[in-house]
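This briefing turns to the charged side chains of the model and to how they pair. Please keep the sequence and the structure in view while reading.

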Amino acid sequence: MTPDPRYNYPIVLACKVIIRKGNTILLTREPLDHTWMPGRLGLPGGKLLINEGISEGLQRKISDETGVVCEIKGLVRIIDILMPEKTFTT
């Protein structure tokens with residue numbers, strides 16, 4: 001039996017976070033040489049490490065990307081994004 005090609009993709013876990021202070025939301029800009037959305041604004045976050053929880057991963061990524069130390073207050077939404085033939089590199 002031939003495997004269904006719709007299931008032929010690597011599994012990558014990633015998280016994004018909304019950091020709000022008053023009416024201001026913190027955005028980050030991807031480097032211009034980044035292969036995934038160069039120069040675009042977005043929410044801080046990224047790939048989780050093996051055996052890393054969502055809160056720990058978000059706190060690590062936020063600190064790495066912005067220098068901000070924060071507390072994760074809750075989870076808003078979980079979504080699956082399947083992108084055939086798309087390679088992510090960081």
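Is glutamate 65 buried, partly exposed or exposed? Glutamate 65 is partly exposed, because its relative accessible area is 36%, where buried means under 20% relative accessible area, exposed over 50% and partly exposed in between (1.4 Å probe, protein chains only). The model is predicted, so that local features need pLDDT of at least 70 and side-chain atom pairs count only at pLDDT 80 or more, while totals for chains, interfaces and linings use all residues. Residues are numbered from 1 along each chain as its sequence is written, and side-chain values use heavy atoms, with hydrogens and water left out.

**Salt bridges**
- Searching the whole structure gives three salt bridges, each defined as a side-chain nitrogen of Lys or Arg within 4 Å of a carboxyl oxygen of Asp or Glu.
- Glu52, Arg60 and Asp64 are joined in a salt-bridge network, in which arginine 60 meets glutamate 52 at 2.8 Å, N to O, and aspartate 64 at 4.0 Å, N to O.
- Lysine 61 pairs with glutamate 65, with 3.7 Å between the closest N and O atoms.

**Placement in helix H1**
- Arginine 60 and aspartate 64 both belong to helix H1 (residues 54-66), four residues and about one turn apart; helices are DSSP runs (H or I, at least four residues), numbered from the N terminus.
- Lysine 61 and glutamate 65 are likewise four residues apart in helix H1, which means that about one helical turn separates them.

**Accessibility**
- Glutamate 52 is buried at 18% relative accessible area, whereas arginine 60 is partly exposed at 24% and aspartate 64 is exposed at 55%.

Definitions and conventions
Helices (H or I, at least four residues) and strands (E, at least two) are DSSP runs, numbered from the N terminus.
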